[in-house]
Amino acid sequence: MKEKMRVCIGFGQDSHAFDEGNLEKKCVIGGVIIEDSPPFAADSDGDIILHAMCNAITSLTHIPILGGVAIELCKSGITDSRIYLEEALQTLSSQKIQHVSLSIEGKRPRLQSRCDQIRTKVAEILSIQANQVGLTITSGDGLTAFGRGEGMQCICLITAIKD
């Protein structure tokens, strides 16, 4: 008897403070370079969206990417979070991503005008359609360090189907 198709939900989160004095790095959010913002304080590019997605995939596969694979890649000089996400995607085996829901909290940079660009880039990285990527952004109204502009946080839900 063939096993029924299953829907699985992966949950991930990531956050980083800004590295205000660093002029050598760029701020990267969802694979998009954000010119009008300081970079994130991280060993890698600190892409909060791609990191949250890696963590959501880890919650589906139980294979630590950021706590394992990415550390080794970073030590060898690979700091592009797209590479970490590619590694995470390989662990999905028969699971296929159907939808990604992202929620960002941060006072700055203002990302509303970049939502479509970020959604399109995330979809491209995942080889899905842009309408399969949801993105919401909140300022946080100063209630947290993110809402005060000290950094940003991303929460991610991934819906995947397992054949």
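Which residues have the most contacts inside the largest nonpolar core? In this predicted model, they are Ile29, Ile49, Met53, Leu102 and Ile104, within a core of 45 residues. The largest share of this core, 9 residues, is contributed by helix α1 (residues 48-61). A nonpolar core is here a set of buried Ala, Val, Leu, Ile, Met, Phe, Trp, Tyr and Cys residues joined through side-chain atoms within 4.5 Å. Buried denotes under 20% relative accessible area, exposed over 50%, and partly exposed the range in between (1.4 Å probe, protein chains only).

Residues are numbered from 1 along each chain as its sequence is written, and side-chain values use heavy atoms, with hydrogens and water left out. Because the model is predicted, local features need pLDDT of at least 70 and side-chain atom pairs count only at pLDDT 80 or more, whereas totals for chains, interfaces and linings use all residues.

The chain contains 4 helices and 6 strands, where helices (H or I, at least four residues) and strands (E, at least two) are DSSP runs numbered from the N terminus. Along the sequence these elements follow the pattern β-β-β-α-α-α-β-α-β-β. The radius of gyration is 16 Å, close to the 15 Å that the globule rule gives for 163 residues, so the chain is as compact as a globular protein of that length. For this comparison the radius is taken over C-alpha atoms, and the rule is 2.2 Å times the number of residues to the power 0.38. Taken along the principal axes, the C-alpha atoms fill a box of roughly 60 × 35 × 25 Å.

Of the 163 residues in the chain, 48% are buried. The chain exposes about 8,500 Å², of which carbon and sulfur atoms supply 51%; accessible areas come from the Shrake-Rupley method with a 1.4 Å probe, and for residues only the protein chains shown count as cover. Among contacts (heavy atoms within 4.5 Å) between residues at least 6 apart in sequence, 74% join residues at least 24 apart. The side chains comprise 16 positive and 20 negative groups, and the centres of the two sets lie 6 Å apart. Lys and Arg count as positive and Asp and Glu as negative, while His and the chain ends are not counted; each charge is placed at NZ of Lys, CZ of Arg, CG of Asp or CD of Glu.

Glutamine 95 lies in strand β4 and is buried, at 12% relative accessibility. Under the exclusion of residues up to four places away, glutamine 95 touches Cys8, Leu60, Thr61, Ala160, Ile161 and Lys162. In helix α2 (residues 65-75), alanine 70 is likewise buried, with a relative accessibility of 6%. Its contacts, leaving aside neighbours within four places in sequence, are with Ile65 and Tyr84. The C-alpha atoms of alanine 70 and leucine 85, 15 residues apart in sequence, are 9.1 Å apart in space.

Several backbone features fall in loops. Most residues other than glycine have a negative phi, and most peptide bonds are trans. The peptide bond from arginine 108 to proline 109 is cis, with omega near -10°, and proline 109 lies in the loop between β4 (95-105) and α4 (115-126). Serine 127, in the loop between α4 and β5 (133-138), has a positive phi of about 60° although it is not a glycine. Serine 127 is exposed, at 65% relative accessibility. Glutamine 129 is found in the loop between α4 and β5 and is exposed at 54%. The C-alpha atoms of glutamine 129 and cysteine 74, 55 residues apart along the chain, are separated by 29 Å.

The loop between β5 and β6 (151-162) holds aspartate 141, a residue other than glycine with a positive phi near 50°. Aspartate 141 is exposed, with a relative accessible area of 67%. Glycine 147 is placed in the loop between β5 and β6 but counts as buried, at 4% relative accessibility. Apart from neighbours within four places in sequence, glycine 147 is in contact with Glu105, Lys107, Ser139, Gly140, Asp141 and Gly142. Its C-alpha atom is separated by 6.8 Å from that of glutamate 105, 42 residues away along the chain.
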